[in-house]
Amino acid sequence: MDQLRASGLVTDYRVLDAMAEVPRSEFVPPAHRGAAYDDVALPIGHDQTISQPLVVALMTQALELQPTDRVLEVGTGSGYQAAVLRQLADHVDTVERIPALAEQAAEMLEELGVDRVSVHTGDGTLGWPDEAPYDAVVVTAGGPEVPPPLLAQLADGGRLVAPVGPRHAQELVRVRRHGDRTVSEDLGPVAFVPLLGEAGWPAA
Ligand code: SAH
């Protein structure tokens, strides 16, 4: 947390407080626990990673969450970011394409007593239409574009944050919806595992 504060990039103290509340070590496989509080991404199995804490902080900050917000996360992974998001919002739906990861994440969230996070298995590029619209949408895997279904599920005044670009290097993009209009901003370069699915990269 000191590293995040020292970076000077995380200016929203609520985000730092939220991250201080969630034990990242619990979401990291035992073999990597020694590095759980280093500012690095770590493997969680199935070729996937738990994101670097600074990136989690910056994405969470960019969502400008309010306590009443309903949030959609695409790419549950370990469940860590979902737990952080829940600290700052009312409810989180999170979608993971790899069933074993979704299951593990749901178990850990339950073990830690994190309520109002619903873990779903499926193709998150299609969003979660049953519970839409969302005040905030965050995509934690890199796709070729912002998946159109996610924009369609963004509430008026809502914010979406997603890594967008070629497979090995993306730009973090924030999109705000104002009625029928959307406004995009570029938040800087990032590198994420690929978003695989119908509105992402081909999965096969
Ligand atoms: N937010 C996670 C990090 C996720 S890594 C955490 O805090 O640990 C990205 C995750 O996105 C991986 O688990 C990957 O399987 C998942 N993913 C990739 N494409 C997806 C899709 N179309 N729908 C849902 N999840 C997807």
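Modeller: The side chain of threonine 140 reaches the backbone oxygen of glycine 75 at 2.8 Å. This is a predicted model, so the distance is computed from predicted coordinates. Threonine 140 sits in the loop between S6 and helix H6 (148-152). Its relative accessible area is 10%; with the cut-off for buried at under 20%, threonine 140 therefore counts as buried. Along the chain, threonine 140 and glycine 75 are 65 residues apart, yet their C-alpha atoms are separated by 5.3 Å. Leaving aside neighbours within four places in sequence, threonine 140 is in contact with Glu73, Val74, Gly75, Gln81 and Phe192.

Gln81 leads on to helix H4. Gln81 is one of them, along with Tyr80, Ala82, Ala83, Val84, Leu85, Arg86 and Leu88.

A polar backbone atom of glutamine 81 is 3.0 Å from an oxygen atom of the ligand. Arginine 97 contributes a backbone N or O atom, 3.2 Å from a nitrogen atom of the ligand. Aspartate 123 uses its side chain instead: an N or O atom there is 3.0 Å from a nitrogen atom of the ligand. Taken alone, the ligand exposes 580 Å², and the protein buries 99% of that. In total, 27 residues surround the ligand. The closest are Ser78, Glu96, Asp123, Gly124 and Leu196.

Now the sheet. It is open, with 7 strands in the order S5-S4-S3-S6-S7-S8-S9 and mixed pairing. Strand S5 (117-121) and strand S9 (181-190) stand at the edges. Each has a single partner strand, so one side of each is left without a neighbour in the sheet. From one strand to the next, the twist averages 15°.

S6 covers residues 134-139 and runs parallel to strand S7, residues 154-164, with 4 bridges joining the two. Alanine 136 has arginine 159 in S7 as its bridge partner.

Two helices lie across the sheet strands. Helix H5 (residues 99-111) lies across strand S4 (91-96) and S5, running at about 165° to S5. Helix H3 (residues 53-62) lies across S6, S7, strand S8 (170-178) and S9, at about 155° to S7.

The side chain of glutamine 61 reaches the backbone nitrogen of aspartate 12 at 2.9 Å. Beyond its neighbours within four places in sequence, glutamine 61 is in contact with Leu9, Val10, Thr11, Asp12 and Val15.

Strand S1 (residues 42-45) and strand S2 (residues 48-50) run antiparallel and are joined by 3 bridges. Proline 43 has threonine 49 as its bridge partner in S2. The hairpin has 2 residues between the strands, and histidine 46 takes a positive phi near 55°.

Key:
Residues numbered from 1 in each chain as written. Predicted model: local features only at pLDDT ≥ 70, side-chain atom pairs only at ≥ 80, totals over all residues. Heavy atoms only, no water. Buried < 20%, exposed > 50% of the residue type's maximum accessible area, 1.4 Å probe, protein only. Pairing = 2+ DSSP bridges. Axes fitted to C-alpha atoms, helices over the stretch in contact; angles between N-to-C directions. Contact = heavy atoms within 4.5 Å. Near = heavy atom within 4 Å. Polar contact = N/O pair within 3.5 Å; in protein donor to acceptor, adjacent residues only side chain to side chain. Areas by Shrake-Rupley, 256 points an atom, 1.4 Å probe, with all protein chains shown as cover.
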